Structure formats: structure tokens, C-alpha cells
Amino acid sequence: MTGYFTDDQHDVLRKEVRDFAEREVRPRIPEMEATKTVHHRLSRMIARQGWLGVTIGREYGGMGMGHLAKTIIIEELSRVSGSMGAMVQASQLGVAKIIHFGNAVQKKTWLPVIASGRCLPTIAVTEAASGGHVLGMQTSAVRDGGDYILNGHKVFVGNSHVGDLHGVVVRTGPGSKGLSAFLVEADRPGFTLAPQQSTMGLHGFSFGELLFNDCRVPATNMLGTEGDGLAVAYSSSILYGRSNLTAVSLGIHQAILEETVRHASTRVLYGKPISELDNIKQKIGQIQSRLMTARLTAYHAVHLLDQGMPCDAELMNAKLVNVESALDSAREAMEIHAAAGLSTDRPIERYLRDAFHIFAPAGTSDIQRIRLAEEALGRSRGQWSERIVGGEPIGVA
Ligand SMILES: Cc1cc2nc3c(=O)[nH]c(=O)nc-3n(C[C@H](O)[C@H](O)[C@H](O)COP(=O)(O)OP(=O)(O)OC[C@H]3O[C@@H](n4cnc5c(N)ncnc54)[C@H](O)[C@@H]3O)c2cc1C
């Protein structure tokens, strides 16, 4: 299994995560699909494997294995359950901001508890009115002595209902230098959660609403300095969000191929499996081809990230290729299954629903294409991937 980018350590990790996912996650899928709500116990159980700490250095109790290993963990969980892959990817977003913007005390306080699975972090940027327009946000923090007082609300926050530590980007002043980021513990007075809304898929995961009503947060909870909020949001989204969501798509895509091959090999028409029909072979070959290309783009991008090389375009392309090709393959897989694919007793319709959830976060496909066009036209404004080398604070561009 060792490939061009992966080594023996990655293979051992993959087997460990795959065995866990088959043993502990797969049996719980019917429950998650039936209740359509967040699965607290399973989320905690996964966190306790230490996998949230895969990019956290060993000096903080993390695995120190980097982004390719992180991709493999998320991919293998998503192969069984997109929602649990999404849970790990969202936690990883929460890790990014502490690694790159946390001060020594914040790192010492939070990274070890995240690495051990006792704390699930999030990143909360999106608001209902502003969506992907980060600078349009209105949730505010106003200085009051040694504290800041937060008011407003955030939506679609990954791990909203299991998170222990929210990384919240808010407005502290006007313009692009007027955003700042704070660590907000989930038990802080003035912080509440809106009830979880029903969604099309990713059942078991939560991406809900955080409410801040005169929520008092010590100034020492600020990440970086006042004005670093935009950099916290962008770097988390571009460097971690795109690669993490790529990995979720990749795992779902792998599951689509496996399930489709299984079905086409056992569904008999005209006295032979439908996998013998030319058009079905064409479709399976196309899914296989897309998956191979998708995996290459995913692994290549995070390999560059691990090497500290510029790779913003590769990360965008990996998200674009993985999301779009998993959706294309999901549709083709549904066509191969025909009426059988509509049954909720089978997983194939779940893969289609879950794959769609990966489209919006960390930039829709339109946004990735626009950014790639800017790169091609020579109009890109520097690479976030270059600025995180050495784990130093990134600073606003
Ligand atoms: C599963 C999931 C997990 C998520 N996790 C998090 C999280 O952990 N933290 C968090 O803060 N948010 C999270 N989000 C929210 C996510 O970041 C937003 O969905 C995203 O920013 C887009 O916002 P929106 O959905 O409101 O779409 P909108 O911003 O309303 O976009 C609507 C449409 O307009 C297009 N559009 C928008 N801007 C432009 C532009 N400049 N040029 C051209 N077209 C444009 C978009 O492509 C899209 O088709 C998550 C969302 C999902 C679905």
C-alpha cells in the first residue's frame, strides 16, 4: 500500500484507523441516521484515540505526524462515516489557530488536552447574513477593562454541539484590520447553543449555531493581537479547511467505489452480473479514474504543505477536484444502483447526501475556480502556505 507520498508509518496508521472505523463507527451508523443528531459518545471515543493531535507537536503530547497523516485519518473515517470524518476535520480547524496564533500559555494550556482527546476545539467564522463574505461579519467584541464582551451569533460551526473550546472571530473595529479572534470556553456565561437543526446529511455531526449574549471573555483569551482575526480565519480555512474537507470527500469517494463494485458484482441480469455490461464497466472505470486523480491531488497538496512548500493553488485544486469528482461519482453510482440505490437500507444514497455537504465549507467550487484564475492571471496576493513555515504566527497579509 506504501505509495509515492506515503511511507510505512502512514500504512500502519491507515490500518489502525480503518480497523477502528469498521469496529466502532460502522455499527453506529443506523443509530446516527435514525436520530439525525450529533453523536456525543462516538465523537469523544474518536477524540480519545489521539487523532485530533496528529498535527500537534510531540512536545505538547501530539502525534507530530503532519498533514498527510491527518488526511489519512480523516479519509479512513469518512470511508465509513462522512459525519465522523467531518467531526475530526472540524476539530483540526480548531487546532490550527492555536498552533499558529496561540501564545506560549495558550499552547501549553490547550494543545495537550486537545491531543489527548479531552477537549474538542472549533473555529467559528460564518454568520447568517454574511456567509462566505468574512469581512461582512457583525458579531462584535468590545473592550471592558481586562475583558472583552462578545455579542452576536455564528452559524454552521463544525462541531458546534460537541465543542469544548470555540475559536471565535469577531469584529473589534472597522475594515479588514478590525477582526480579532478569541478562545471561548463552552461553559462561559453568556454563551449558548441554538437547538440543532435537521440537515440533509452528515447525521452524527453538528454544524450549528453559537449565540453570544454579553459573553465576557478575558483579554488573555485573544489569539494573536487585535486585528489578527482575518489571518486566523483565512489561514485556518485555506491551509486546514481545504485539505481537511478534501480528505472527507476522498473517503466518501472511496466508499462510493467499493459499494458500487459490490453491487455491480452481485446484481444479476441476463444471467450474469451487471458488472459485465459494457456501459456499467465504463461507469465503474470512470469512477476509478476520478478517485485515482482525486487522491493524487489530495496527497500531493498536503505533502507540499508538510514540506513547508508553497501550495495554496494545490490545496484549492485538491478541494475542487475532490468535491466535484466525488459528486460526479455519487451520481453515477446511483445510476448503476438504479431503484435499489434509493433505499435507505443501502449506504449509497447517504454517500450522495454527505458528499454534498462538503461543497460549501472552506470555499465553494466557484470560489476555488475564481482563486485559481487569480493565480493563473498573476493576481494572487501571496501564499498562506509560505507564511506558516516554522509554525510562526502568520500575521495579516
Ligand atoms: C458541513 C459544513 C461545515 C461547516 N463548518 C464551518 C465551521 O467549522 N466554521 C465556520 O465558520 N463555518 C463553517 N461552515 C460554513 C461555511 O464556511 C459556509 O457555508 C461558507 O462560508 C459559504 O457561506 P454560505 O453557505 O452562507 O454561502 P454564501 O456565502 O451565501 O454563498 C452563496 C453562493 O454565492 C457564491 N458566492 C459567494 N461569494 C462569492 C464571490 N465572492 N464570488 C462569486 N460567488 C460567490 C457561492 O459560491 C455560493 O454559490 C460550514 C458549512 C458546512 C456546510
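N221 sits in the loop that links strand 7 (207-218) to strand 8 (222-223), where strands are DSSP runs of E with at least two residues and helices are runs of H or I with at least four, both numbered from the N terminus. This is a predicted model, in which local features need pLDDT of at least 70 and side-chain atom pairs count only at pLDDT 80 or more, while totals for chains, interfaces and linings use all residues. Residues are numbered from 1 along each chain as its sequence is written, and side-chain values use heavy atoms, with hydrogens and water left out.

N221 counts as buried because its relative accessibility is 11%, buried meaning under 20% relative accessible area, with a 1.4 Å probe and protein chains only. Leaving aside residues up to four places away in sequence, N221 touches Q106, A181, F182, L183, E185 and R188 (heavy atoms within 4.5 Å). With E185, the side chain of N221 also forms a polar contact of 3.3 Å, that is, a pair of N or O atoms within 3.5 Å, of which, within protein, one must be able to donate a hydrogen and the other to accept it, and residues adjacent in sequence count only if both atoms are side-chain atoms.

Turning to the ligand, 17 residues surround it, the closest being V125, T126, G132, F156 and T364, where a heavy atom within 4 Å is required. A polar side-chain atom of T126 lies 2.6 Å from a ligand nitrogen atom, whereas I123 places a backbone N or O atom 2.8 Å from a nitrogen atom of the ligand.

Terms used: Buried means under 20% relative accessible area, exposed over 50%, partly exposed in between (1.4 Å probe, protein chains only).
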